[in-house]
Amino acid sequence: MDKKPYCKKSEKTVREFSGDDEMRLQYFIEIFDDILISIREPLLLLDADLKVVKANLSFYRTFNALAEETEGILIYELGNRQWDIPKLRELLEDILPQNTAFDDFEVEHNFETIGHKIMHLNARRIYREPGLTQLILLAIEDVTGPENYKRHLEELVEMRTAELRTAWDEAEKGRQAAETALCEIKLLKKQIEAEKAYLQEEIRLEYNHENIIGQSDGLNYVLYKTEQIAANDTIVLILGETGTGKELVARAIHGLSLRKDRPLVKVNCAALPSNLIESELFGHEKGAFTGAHSRQLGRFEIANGATLFLDEIGELPLELQPKLLRVVQDGEFERLGSSHTIRTDVRIIAATNRNLEEEVRKNRFREDLWYRLNIFPITVPPLRNRRDDIPLLTDFFVRKIARRMGKSIEIIPAKVMDTLQHYHWPGNIRELENVLERAVINSSGPKLHLMDELKKPYSGSGPKTMEAVEREHILRILEQSAWKVGGKNGAAEILGMNRSTLRARMRKLGIHRDAKL
């Protein structure tokens, strides 16, 4: 099939330039080089026959082209005829001859060298004299990313609109269905806003989930199980003592999952009072309780399509466990103050430092919820069982803390490392980090000096339970801090725990001022 002519010819378009014209043209091209070389938008200067006179640096970089393969070449023949695009012909041969300028002409094309591109073309004729085109300035705006994102959003909107229309037809409720659709759109908007706010809060926190430090067999087994389960949506229960890095494992699972492009939404079940945890998890309607001045989305709504990390799940009040069980089983719940059932698609990762099986026997945790959560347990070993990892962890934390404080700690004496490796670390990695931070503060030169007196582990007549060790350690720290729980140099800060988490553990372990070791 014959292609269209490259341009509409007339007697005027084929006349030769006079000497003055050529000088003016040359002067214009020099201006083009001097001024437009710094413009980030790709630009082409074409003559009346649609041959390239000049291109700026951005064009060559964007389209991976060379000047010797571009200048003097018919635009359609550029890049082995990659630019022979029907829409480009339409602009240059049909539309532009009828207009002095034409903006935002969209062209979509697959280039062999740089792949799929969506471009907005802005073309302008430059006249030598009235009615006679001497040059054409073609500006190319690469909108591939924004357009793909826009189209993706449009597809989502179309998909959701189709679902709403189907629901509307089935329900045959006309106006009521339209109101429901409007409410759902507002809800989606609020969910996006809540997710954005949550992400901004998370960005301000410091995480090292890319760097789970260690080479011990116990840690390697945890990482093996993490990779084994990450791609599935199976519920994961992470077990381990306080400070062993259970949250880092949860983040590693999420980071390897199919939901990694959405946020990992976190709830610490021990950090909130029992009267607020339900609202935090499931949300509430305006007026649901005193102080509920507006609707609030719960974490299960914010995490729809993402992953929800329920930290300290063993601290969840018994009266809320049936509602959590329903979400785990059926993916359904209602906000406080509402009878409307909400469906959610959430991958749940839970963590606890408690023996939930023992909690079930003591009627402090529901047996059916325990069975639902205990599908794929991962136990994070305590630091005392990872002694080979202590040098690596020490080096990592010392460098990180010293950099933050503007210090240079280059030497960790063998005696210090031996002390660290033979301490029993009841507070695990969190305690190690706190000890090392105090050591960096205490070190004035390049050598690390420990500030804490790390005693050898107690060797009594028999082994102690995890709770007994934890109770003893918390009591010692409370006595060391003169029973100051929160604030600077308080027990919570020394232990690396949230103040409310520490109070909850004190209640559970029966710790009070009159308690004895």
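**Entry 1: a loop residue**

I begin with a rule: a residue is buried under 20% relative accessible area, exposed over 50%, and partly exposed in between. I keep in mind that this is a predicted model. I then looked up Asn304, which has 27% relative accessibility and therefore counts as partly exposed.

Where does Asn304 sit? I found Asn304 in the loop between α10 (299-302) and β8. Setting aside its neighbours within four places in sequence, I listed its contacts: Gln191, Arg262, Thr344, Asp345 and Val346. I also checked Val346 along the chain: Asn304 and Val346 are 42 residues apart, yet their C-alpha atoms are separated by 5.3 Å.

**Entry 2: the whole protein**

The protein has 517 residues, and 44% of them count as buried. I noted 19 helices and twelve strands. Among contacts with a separation of 6 or more, 65% are between residues 24 or more positions apart.

**Entry 3: the five-stranded sheet**

In what order do the strands of the open sheet stand? I read the order as β7-β8-β11-β6-β12, with parallel pairing across the five strands. At the edges I found β7 (264-268) and β12 (376-379); each has a single partner strand, so one side of each lacks a neighbour in the sheet. On average, neighbouring strands of this sheet are turned by 20° against each other, direction ignored.

I followed one pair in detail. Strand β6 (residues 236-239) pairs with β12 in the parallel sense over four bridges. There, Leu237 stands opposite Pro377 in β12.

Next I looked for what packs on the sheet. Helix α7 does, touching β6, β11 (347-352) and β12, and its direction makes about 155° with that of β12. Helix α8 lies across β6, β7, β8 (307-311), β11 and β12, and runs at about 155° to β6.

**Entry 4: two helices that meet**

The axes of α7 (residues 217-230) and α8 (residues 246-255) come within 8 Å and cross at roughly 35°. The crossing of α7 past α8 is right-handed.

Which residues of α7 and α8 meet? From α7 I wrote down Val222, Thr226, Ile229 and Ala230, and from α8 Val249, Ala252 and Ile253. Sorted by class, this contact of α7 with α8 has six nonpolar residues, one polar and no charged ones.

**Entry 5: a helix with two faces**

I turned to α15 (residues 414-422), where Val416, Met417 and Leu420 are buried. Why do the buried residues of α15 line one face of the helix? Looking down the axis of α15, I saw that they fall within an arc of 95°, so they share one face. The face turned away from that buried side carries Ala414 and Lys415, which are exposed. I also checked what covers the buried residues of α15, and the cover includes α14 (390-405) and α16 (428-442).

**Entry 6: a hairpin**

My last stop was the pair β1 and β2. Strand β1 (residues 43-47) runs antiparallel to strand β2 (residues 52-55), and three bridges join them. I picked Leu46 and found its bridge partner in β2, Val52. How many residues lie between β1 and β2 in the hairpin? I counted four, and noted that Leu50 in the turn has a positive phi of about 65°.

Definitions and conventions. Residues are numbered from 1 along each chain as its sequence is written. This is a predicted model: local features need pLDDT of at least 70, side-chain atom pairs count only at pLDDT 80 or more; totals for chains, interfaces and linings use all residues. Side-chain values use heavy atoms; hydrogens and water are left out. Buried means under 20% relative accessible area, exposed over 50%, partly exposed in between (1.4 Å probe, protein chains only). The arc is that of the directions from the helix axis to the C-beta atoms. Contact means heavy atoms within 4.5 Å. Two strands pair if DSSP finds at least two bridges between them. Axes are lines fitted to C-alpha atoms, for helices over the stretch in contact, and angles run from 0 to 180 degrees between N-to-C directions. A crossing is left-handed if the near helix is turned anticlockwise from the far one by less than a right angle, and right-handed if clockwise. Ala, Val, Leu, Ile, Met, Phe, Trp, Tyr, Cys and Pro count as nonpolar, Asp, Glu, Lys and Arg as charged, and the others, Gly among them, as polar.
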